[in-house]
Amino acid sequence: MLKLSWKNLVNKPLNMALSLILFALGVGLISLLLNLNHQIEQTFNKNLAGVDLVIGAKGSPLQLILCAMYHVDNPTGNISLEQSRAFLNPKHPLVSQAVPLSLGDSYRNYRIVGTTYDMLQFYGASLAEGQLWANPMDATIGAAVADALHLHVGDTFKSSHGLVEGIEEHEHDFTVKGILKPTGSVIDQLILTVTESIWESHEHQGTVDDGGLAMDGGHEGHEHKKVSPVTYDSLTIRQLAEQQRLELMEKTDQDITAILIKFRSRTNIQALNMGRNINENTELMAASPPNEIARLQTNLGLGTDVLKLMAWVIVVVSGLSIFISLYSSLRDRRYELALMRVMGGSPGTLFQLILLEGLLLAVLGYVLGIVLSHLSLGFLAGFMKNTYRYSLTGWQFLPEEIWLLGGALVVGFVAALIPALQAKRTDISETLARG
Amino acid sequence: MLSTNNLQYSYDGKAALRFPDIRCGKGEHWLLLGQSGCGKTTLLHLLGGLLTPKQGTVTVGDTALNSLSSSKLDKFRGKKIGIIFQMPHFVRSLTVGENLALAQRLAGVPTDKNRIEHLLDRLGIADKIRVKTDELSQGERQRAAIARALVNQPEIILADEPTSALDDGNTAEVVRLLEDTASEVNATLLVVTHDGRLKEKFAKRINL
């Protein structure tokens, strides 16, 4: 029976293709939206990393967060350590941990971040091989960077100015000292170094950049202590990080880009008011990642809701197209159906046959749609990796997609129901007599 | 084998058609002659159980058709009655062989490849087994239709104007094949026609 349904469909390839493509388009769009929504949310949430507050230059809070936490947007500007050093103090009464970030340079589209070992703790990163950065121009790179650029411990590279490739190169070489284990968070996509590396390359370049770090023109080349390279040691890492922060606090004539902050207690009223205090009373801006991301997701969500509605409309229209093509094929096949009755088929047989044709179309359309959606997700993933350095995957399947199959079957069933009933009621004698 | 008793049928709002009683024995070949419009096709549909008579009964073997439920009647027809129509139609998405297999399936008979091949060979269209029915010539289509009617070795074969679309040569050939294949399975054959060319070919005739 299934075979006959299938052959009937294939016998009218154009009709079948039209219904199938429409159906696949609708299902594919819904599945794509579901997956994108889910994966973006997942990525965002993973990279929230328990950050309670981001402090940076005044501008758009969302931009600051996208830049400092997700490393997709440009910085809002720089903040001087003079103004911001208090937040780096390990003895700050409200702040349990703070990560200073200095942005402005990149290597082949991967961002170079001047920071302290606090960064590792925030994202739960650990060394896969080699050592952590210790001296200027040391680099410890994320797993995805190592993978994509085929960098190994001991390799050297020249950074380029700005966050996108193609702008002039700095003359100093970075040396890869270590590679981090993959974490699935944004740290995989970063090149980590000491804050001084960023200052240094900009100092030698002698340029002042607007988006990245501004150089303090009067600054003289500073003395580097030759710190011995450090391998990862979870017991001392926090102490070292605090030491790094204390050292940074001394460089009051320098700038950084942003600070990520974790509170000692999230229920402390003072901590909760800290962001507002900063925004109202200082030249700095504080942004709360959960709030901004929630706002972003609501806005995105509205867009995806509209798209999802449209996709359902497409599915319904494709259901209609299945209905029409089945219904019109009935007229062509009236005699055939009557004949099947003559050959011993019951009215139920005809009902089944037409219903199966509708369901078969729906299932095929569903499968095609899912394949389409996951292929385009895979394609998008490649695109996202290149431009935004975010990894999506085409091979994650959601439980919602099973529901989608249910929905597809219902549409197929409803579309085929009336033609199937019609087939069931075929008056064989009259049809045959008319020839 | 095939008998009717006081058979009547009326279409909505029209005068009732009355049919003479028919008694055909097992293996006999009959010709039912009548002008167009006298209810030949109606009678054939009544005999095949495609129509339910307003009055009277049709009995096939020991079974009165009106005693069967709708789905039992469908199966009974598929198994015991082979019908050949004036215009041979098929399930167009299937090949000749698949159409015959479908006739077996729908009648609830297991698919018998040998039977199909034998029949097509017997009717001279063995090479068309894998050809879609749209690609057959008129004569070939009529033979394929005969093959389909005979595939389940029915007890009764009803043919409605099987030769009206054929030339003399094909007509003689089709009638010969009909009679031969019907005899092979010892089926009762009833040909309904207005075609005078068939008159001399059948000894047993009923005039409507």
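Let me begin with a helix contact in chain A. From α2(A), the residues F23(A), V27(A), I30(A), S31(A), L34(A) and N35(A) meet E400(A), E401(A), L404(A), A408(A) and V411(A) of α12(A). Contact here means heavy atoms within 4.5 Å, and helices (H or I, at least four residues) and strands (E, at least two) are DSSP runs, numbered from the N terminus.

Before going further, I must state the basis of what I say. This is a predicted model, in which local features need pLDDT of at least 70 and side-chain atom pairs count only at pLDDT 80 or more, while totals for chains, interfaces and linings use all residues. Residues are numbered from 1 along each chain as its sequence is written, chains are lettered from A and ligands numbered from 1 in the order in which they are written, and side-chain values use heavy atoms, with hydrogens and water left out.

To return to the helices: two packed helices are described by the angle between their axes and the distance between the axes. Helix α2 (residues 13-48) and helix α12 (residues 400-424) of chain A have axes that come within 11 Å and cross at roughly 160 degrees. α2(A) is therefore roughly antiparallel to α12(A). The axes are lines fitted to C-alpha atoms, for helices over the stretch in contact, and angles run from 0 to 180 degrees between N-to-C directions. Angles under 35 degrees count as roughly parallel, over 145 as roughly antiparallel, 65 to 115 as roughly perpendicular and the rest as oblique. The crossing of α2(A) and α12(A) is right-handed; a crossing is left-handed if the near helix is turned anticlockwise from the far one by less than a right angle, and right-handed if clockwise.

Helix α5 (residues 138-150) of chain B packs with α6(B) at an angle of about 15 degrees, the axes being 11 Å apart. These two helices, α5(B) and α6(B), are therefore roughly parallel to each other, and their crossing is right-handed. Among the residues that meet are G139(B), I146(B) and L150(B) in α5(B), with V174(B), L177(B) and L178(B) among those in α6(B).

I turn now to the aromatic rings. How many aromatic pairs does a search of the whole structure find? The search finds six over all chains. Rings of Phe, Tyr and Trp (its six-membered ring) pair if their centres lie within 6.5 Å; planes under 30 degrees apart count as stacked, over 60 as edge-to-face and the rest as tilted. One of the pairs, Y117(A) with W133(A), is edge-to-face, at 4.9 Å centre to centre and 85 degrees between the planes. Y117(A) lies in the loop between β4 (110-114) and α5 (118-123) of chain A, and W133(A) in the loop between β5 (127-130) and β6 (138-141), so the pair ties together parts that are 16 residues apart in sequence. Both Y117(A) and W133(A) are buried, a word that means under 20% relative accessible area, with exposed over 50% and partly exposed in between (1.4 Å probe, protein chains only).

Another pair, F323(A) and Y327(A), is tilted, with 5.5 Å centre to centre and 35 degrees between the planes. F323(A) and Y327(A) are four residues apart in helix α10 (residues 289-342) of chain A, and so are separated by about one helical turn. F323(A) is partly exposed at 23% relative accessibility, and Y327(A) is partly exposed at 32%. Elsewhere, ring pairs link Y107(A), F157(A) and F174(A) into a cluster.

Two residues show positive phi values. N109(A), in the loop between β3 (95-107) and β4 of chain A, has phi near 75 degrees, although this residue is not a glycine. E161(B), likewise not a glycine, has a phi of about 45 degrees. Is E161(B) buried or exposed? With a relative accessible area of 5%, E161(B) is buried, whereas N109(A), at 24%, is partly exposed.

I close with chain A overall. Chain A has 13 helices and 12 strands, and 52% of its 435 residues count as buried. Among its contacts between residues at least 6 apart in sequence, 79% join residues at least 24 apart.
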